[in-house]
Structure formats: structure tokens, C-alpha cells
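Visitor: Hi, could you walk me through this one? I'm new to reading structures.
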Amino acid sequence: MAKKLVFLGMGGTIAGTAASAADNVGYRAAQVGVDQLLQAIPTLEMALGRHELVSEQVAQVDSKDMVFTHWNALALRVCHYLAQPDVSGLVITHGTDTIEETAFFLSQVVPTALLESKPVVMACAMRPASSLSPDGPRNVLDAVALACTEGATGVMVVCAGTIHSAQHVQKVYPYRLDAFDSGDAGPMGYVEEGVVRLTYSWPKTEVIRPSISHEKLAQAVWPRVEIVTSYVGASGAMVRALCSAPQGSEGPLCGLVVAGTGNGTIHTDLDAALREARALGIQVVRSTRCAWGQIIPPSVLGDGFPHFKGLSPVKARIALILDLLA
Ligand code: SIN
């Protein structure tokens, strides 16, 4: 039976267009459909080998504007396809700006049994499809090579020939083609001339939150969790404003992630306001504004705010949302 490789389009720069082929920054993301994108890659058929191509446009969005309904739609389609015996893996085209959040989200909500048997590879681009020298086609071919590699499993991001796990990937450059990094963990590997070279094994899905099914997720009202940062002169004003703001369509504030300084430390004035928030029933967790490494908590936490291992503020927010939902 011929195996299927499924492409899910979510939008992003990879599907972006500009008025001029010379313009790599003044473009509109999410303009070209996933079918058209794939048709424009002449060697795709060869890269697919015996795989049958299936594609679906799940969303068409600049990833900075992504909302929970996009994630729900994507999680449902990912689970649907991974559960099909004739589907060998997925490639998702997505904007780079929040790809690390979507990758981490999927790694947490797609059943582990599915992720431990098939790959979900997220592909992106830093230049629009209309560019004189777009990076999207190469990145898609690398994603195909990765998804078709024997034994590939888990959620991964591939960009500029480098493979990152959902857990560690972070966008670190706003413009460079090789825009991502995996911090202390380092990249999982590389794709070189269509061949995957791993530096460590396929990612084991480290599920950080209590499990919640994607079906339940799709029906749930997602709790609102915001991120605040500690810095020189930080006050409690932001937190107090968030706690006392009249409730809009976004729902009540349920959680706060604080991106602390260094080892997750928090300015005294901000800390006082966060304690007030916690007394109101708002869950507070800490992360760090440091790009790499992870918070090493004191052996006695006392009444300090907990943290989610080495998760960045945006990923800690997802973990807290899923925690609250569960
Ligand atoms: C986006 O994230 O959708 C736009 C930016 C990009 O893909 O590089």
C-alpha cells in the first residue's frame, strides 16, 4: 500500500508575497495556498519517492495573528491524519513567528501514542514565496526528507537545514534565514542534500501538563493567561491593571506567567502585585527572560511561584493554559 505524506497549510511567510521580488521584508504573509506552494517545487515529486501527496489548507494566517481556534483546527486535523494507517507522516507549513508555540502545543496535545510512531515536521521560511531567492522550497524539501526518514517520530521544526525539537526550538533572529536555535540542547540534527544526520535521537514527547484530549480542548473555553516581564523599575501596575480590567470577550484572567530576571527573580514591586493576584485565585508561574538554560529553583521553594522546568515564557504560558484546562 502506498503511504501518504500529508501537507497541512497554515500560512506564514512561506506563503507570503511582496510587490517586488527584491523585497524580503515588505510582504504580506499567508497569500499563497498550500497546493500552489507545493506545485512550485519542481523536485518535490522526486523527494516524495513512493509517497502519495495529500494536502489541506487548515488556515491561512500570519502566525502573529494566530488564535486558539487555529490551534484547535490544526490539532484535530493532525490527530485525524496521524490515526490513518496509510499516512506515514505530516508536514505543516507555518509562519516562523510563533512556530515554536504551535510546535510545543502539538507536542503536548496530540496523543503520545501517535507522536511516538509518526513524525510531524513543521516547515517555514524567512523569505516570501515571491522572493528572488525564497528559502521555503528548500525548507519544504528538507521537511519531506525528514518526514520520510525511517524511524522519524515526534514534533520537529526544520529551517535552513537544521532540525529542532518542539521542546527546545526558539526563534532567535528576526531576519536571518537560519533563524532558530535549540539552546543548551542543541539542534536535533541536520538535513544535508536530502539526507538526515541526527545529533541525538528522535524527540521523546515530554508531556509537561496533565493530559487533556484534543476533542475536549476543541470544546473548552480556554482560560486567559497573560505574560508580564520583570525589569529595572518594574512596578505592579501592569498586573493590577490586568486583574481589575473589566471583563471583555477574552474572558477573565486565570493565569499569569512572569518572565523573571536571571534565575526567575522578580522585582519586589512586581512580586507584591503578583502575590495579590494569586490571592485573587489567579495562578502565577515563573519563567526567565534569559534566552537559554533553565531556572534552578532553591531546594525549599517557600511561597515562591513555581516554574515549568526550562520552558520559555511563551511555552510556559501554553503549559499553564493546558494545566488550567485539565
Ligand atoms: C509569520 O510568522 O506568519 C510571518 C513571519 C514568518 O513566517 O517568517
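What follows is a chat about the sheet, some helices and a few residues.

Guide: First, the ground rules. This is a predicted model, where local features need pLDDT of at least 70, side-chain atom pairs count only at pLDDT 80 or more, and totals for chains, interfaces and linings use all residues. Residues are numbered from 1 along each chain as its sequence is written, and side-chain values use heavy atoms, leaving out hydrogens and water.

Visitor: OK. In what order do the eight strands sit in the sheet?
Guide: The order is 2-1-3-4-5-6-9-10. The sheet is open, and its pairing is mixed. Strands (E, at least two residues) and helices (H or I, at least four) are DSSP runs, numbered from the N terminus. Two strands pair if DSSP finds at least two bridges between them.

Visitor: Which are the edge strands?
Guide: Strand 2 (52–61) and strand 10 (195–198). Each pairs on one side only. From one strand to the next, the twist averages 25 degrees.

Visitor: What holds paired strands together?
Guide: Strands of a sheet pair through backbone hydrogen bonds, either parallel or antiparallel.

Visitor: How do strand 6 and strand 9 run, parallel or antiparallel?
Guide: Antiparallel. Two bridges join strand 6 (residues 162–165) to strand 9 (residues 189–192). I163 stands opposite G189 in strand 9.

Visitor: Switching to helices. Which strands does helix 3 lie across?
Guide: Strand 1 (4–11), strand 2, strand 3 and strand 4 (119–123). Helix 3 runs at about 170 degrees to strand 2. Axes are lines fitted to C-alpha atoms, for helices over the stretch in contact, and angles run from 0 to 180 degrees between N-to-C directions.

Visitor: And how do helix 3 and helix 4 cross?
Guide: Their axes come within 11 Å and cross at roughly 50 degrees. Helix 3 and helix 4 are therefore oblique to each other. Under 35 degrees counts as roughly parallel, over 145 as roughly antiparallel, 65 to 115 as roughly perpendicular, and the rest as oblique. The contact (heavy atoms within 4.5 Å) includes W71 and L74 of helix 3 and T102 and F105 of helix 4.

Visitor: What about helix 8 and helix 9, how far apart are their axes?
Guide: The axes of helix 8 (residues 237–244) and helix 9 (residues 268–279) come within 8 Å and cross at roughly 20 degrees. That makes helix 8 roughly parallel to helix 9. V239, R240 and C243 make the contact from helix 8.

Visitor: Now single residues. Is H94 buried or exposed?
Guide: Buried, with a relative accessible area of 0%. Buried means under 20%, exposed over 50%, and partly exposed in between (1.4 Å probe, protein chains only). H94 sits in the loop between strand 3 (87–93) and helix 4 (99–109).

Visitor: What does the H94 side chain make a polar contact with?
Guide: The side chain of T102, at 2.9 Å. A polar contact is a pair of N or O atoms within 3.5 Å; within protein, one must be able to donate a hydrogen and the other to accept it, and residues adjacent in sequence count only if both atoms are side-chain atoms.

Visitor: Where is N72?
Guide: In helix 3 (residues 68–82). N72 is buried too, at 11% relative accessible area. Leaving out residues up to four places away in sequence, N72 touches L217, A218 and W222.

Visitor: Last one. How does T149 count at 25% relative accessibility?
Guide: T149 counts as partly exposed. T149 lies in the loop between helix 6 (136–147) and strand 5. Beyond its neighbours within four places in sequence, T149 contacts V196 and W202.
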